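Hi,

Here's the structure I said I'd pass on.

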Amino acid sequence: MSDAARDDAPEHRPTFDAPTWGERVGRAAPYLLVPVLVAVGFLLIGNPSSWLTLTVSGLAMGMMIFIMASGLTLVFGLMDVINFGHGAFISVGAFVGVSVILALGTWAGAPSLALNLAAVMLAVAAAALVTGALGWAFERVIVRPVYGAHLKQILITVGGLIVIEQVIVMLWGPDEIFFARPETLKGAVTFAGAALEKYRLLAVAVGLAVFLAMRLVLRRTKIGLIVRAGVENGPMVEAMGYRLRRVLVGVFVAGSALAGLGGVMWALYQEVLTAGMGEEMMVLVFIVVIIGGLGSVEGAFIGALLVGLLQNYVAFLEPKAALIGNIGLMTAVLMWRPQGMMPVVKAK
């Protein structure tokens, strides 16, 4: 370039604006909600041992809700499918998993942690396999004809939920099924004067493992890159030779398997099975998905912890207001951030 042309070129001085304190606090705010809620719970409850017991219980409940909600937030956020049939996968997973544990009665009843965990892992594997296969069939037969039509999705997936619940009644009967957890997962350990149930500690560990695995897959693998790129620009991803539709069907199957895993965990938590348990859980699952933001695993994780902790704190302080507290939480979050705390995709 000649000196004359360089002199005629417009002056370009890139500047980098540092985020203000308000912007930094706004970004970090969702991550601060859980510790703030824990601190407020401590002040209101007063008794440290009761607070610790309720906090662990709330975290365990939140982790189980997160496992159930994580699949739905991917399907809802990334595939734009409003799947009310997700509750059916929770119920099916619970019935299949518990049936496996009851069939392995000698393993589940033995005072051996290794045998008990082996029974639980086989139950989880069976539940995930069955619900994953069910999810694949559900997507092909029920969901695929109504892509892009939200009202039809709601109606047909609710119909699918009702049909699957009736199949459960036909196979396992209409009555509640009571059962006991594996032997070494019963009871509690004492820490700092608080009784902490062993199973709830296991649920916290499993929930954390699922969360970290999902973050790893979505952020560090090629499949995760294709999924995230497909959400931003699907036609471009397909133009590059990737079969985006097949990948998204895999997301639906994975979401269904996660619902089955969550169903087994929740059934072992409650120690009772009902055909409508998945439908009942859908209220909390949708609250978590909505306040977390569409397609956000991190948002669903934080939202589930908030729901679990708030439910336990409020149930202790004012039992009749437990569900109202979660509805109030959802309302407050949506007034603050109408698209949820950490949306990956914008609501349509």
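First, the ground rules. It's a predicted model, so local features need pLDDT of at least 70 and side-chain atom pairs count only at pLDDT 80 or more, while totals for chains, interfaces and linings use all residues. Residues are numbered from 1 along each chain as its sequence is written, and side-chain values use heavy atoms, with hydrogens and water left out.

**The core.** The largest nonpolar core has 103 residues. By that I mean a set of buried Ala, Val, Leu, Ile, Met, Phe, Trp, Tyr and Cys residues joined through side-chain atoms within 4.5 Å; buried is under 20% relative accessible area, exposed over 50%, and partly exposed in between (1.4 Å probe, protein chains only). Among the residues with the most contacts inside this core are Ile65, Trp266 and Val285. Helix H3 (residues 48–78) supplies the largest share, 18 residues. Helices here are DSSP runs (H or I, at least four residues), numbered from the N terminus.

Leaving aside neighbours within four places in sequence, Val285 is in contact (heavy atoms within 4.5 Å) with Met68, Ala69, Leu72 and Ile90.

**Val204.** This one sits in helix H8 (residues 198–220) and is buried, at 17% relative accessible area. Not counting residues up to four places away in sequence, Val204 touches Val56, Leu59, Ala60 and Met63. The C-alpha atoms of Val204 and Met63 are 5.9 Å apart, although 141 residues separate the two along the chain.

**Two helices.** H7 (residues 150–172) reaches 32 Å from first C-alpha to last, close to the 33 Å expected for its 23 residues (1.5 Å times one less than the number of residues). Its buried residues, including Gly160 and Glu165, pack against H4 (86–103), H6 (113–143) and H12 (277–292).

H11 (residues 244–270) is mostly covered, with 21 of its 27 residues buried. Glu271 follows H11, and its phi is positive too, near 60 degrees.

**The surface.** Leu32, Val36, Val40, Leu44, Phe316 and Leu317 form a nonpolar patch with about 540 Å² of accessible area together (Shrake-Rupley, 1.4 Å probe). Patch members have over 30% relative accessible area and no salt bridge, with nonpolar side chains joined within 5 Å. H2 (21–45) and H13 (297–317) each give two or more residues, and H2 gives the most, with 4. Phe316, in H13, is partly exposed at 43%.

Cheers

Terms used. Patches are made of residues with over 30% relative accessible area and no salt bridge: like charges are joined within 9 Å, nonpolar side chains (Val, Leu, Ile, Met, Phe, Trp, Tyr) within 5 Å. A salt bridge is a side-chain nitrogen of Lys or Arg within 4 Å of a carboxyl oxygen of Asp or Glu.
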